[in-house]
Amino acid sequence: MKRRDFINWVGLGLIVSSLPVAIAACSSQTPSASGDWQTVGTSAELDKTGQLLAKNSPAGPVLVVGTSKAAMTAVNPTCTHAGCTVAWKAEAKKFVCPCHGSEYGVDGKVLKGPATEALKTYAAKIEGNSVVVKPT
């Protein structure tokens, strides 16, 4: 067998063997579009610091604050003014943008500008050992 024929057969084998993976990747649904509950982390992670940031969750970026034994709040932590990631200030019970100082209440509503739109909120609950969220 010539080298060129060998390389052609190996290349064809690689393409054929990766075809099922490519088909599965192209045909999967986007989980966040379905509106179902999506796992964003574990209750142990949440209880450790009182907050759980999942930047690449199936539901999109989510910041959950609280504990598994108390009330939880979940928001999209992307500031509606500058696009920065807001931080939870537990002592003040508000979300604060580090870029321009916008402040949001625990319900995601604007407390102080320059932001004018509220943060997107999620319903949050514990299922087993997982923290799950659903768009509201």
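Predicted model: local features only at pLDDT ≥ 70, side-chain atom pairs only at ≥ 80, totals over all residues.
Let me start with Thr73, which counts as buried because its relative accessibility is 18%, and the cut-off for buried is under 20%.

Where is Thr73? It lies in strand E4, which covers residues 72-75. Leaving aside residues up to four places away in sequence, Thr73 touches Leu63, Val64, Val65, Phe95 and Val106.

I will stay with Phe95 from that list. Phe95 is buried, at a relative accessible area of 0%. It also belongs to an aromatic pair. How many such pairs does a search of the whole structure find? The answer is one. The partners are Trp88 and Phe95, with ring centres 4.7 Å apart. Their planes stand at 55°, so the pair is described as tilted.

Next, the charged residues. The count of salt bridges comes to two.

One of them joins Lys94 and Glu103, where the closest N and O atoms are 2.9 Å apart. Are these two residues buried or exposed? Both Lys94 and Glu103 are buried.

Another salt bridge is formed by Lys125 with Glu127, and here the closest N and O atoms are 3.2 Å apart. Lys125 is partly exposed, with a relative accessible area of 31%. Glu127 is partly exposed too, with a value of 40%.

Over which ring does the charged end of Lys125 sit? That ring belongs to Trp37, and the charged end is 4.3 Å from the ring centre.

Last, the surface. There is a nonpolar surface patch of about 910 Å². The residues that make this patch are Met1, Phe6, Ile7, Trp9, Val10, Leu12, Leu14 and Val16. I will take Val10 as the example. Val10 is found in helix H1, which spans residues 3-27. With a relative accessibility of 39%, Val10 counts as partly exposed.

To go back to where I began: Thr73 is buried, and among the residues Thr73 touches is Phe95, whose ring pairs with that of Trp88.

Terms used. Residues numbered from 1 in each chain as written. Heavy atoms only, no water. Patch = residues over 30% accessible without salt bridge, like charges linked within 9 Å, V, L, I, M, F, W, Y side chains within 5 Å. Areas by Shrake-Rupley, 256 points an atom, 1.4 Å probe, with all protein chains shown as cover. Salt bridge = Lys/Arg side-chain N within 4 Å of Asp/Glu carboxyl O. Helix = DSSP H or I, 4+ residues; strand = E, 2+ residues; numbered from the N terminus. Buried < 20%, exposed > 50% of the residue type's maximum accessible area, 1.4 Å probe, protein only. Phe/Tyr/Trp six-rings, centres within 6.5 Å; stacked < 30°, edge-to-face > 60°. Lys NZ or Arg CZ within 6 Å of the ring centre and 35° of its normal. Contact = heavy atoms within 4.5 Å.
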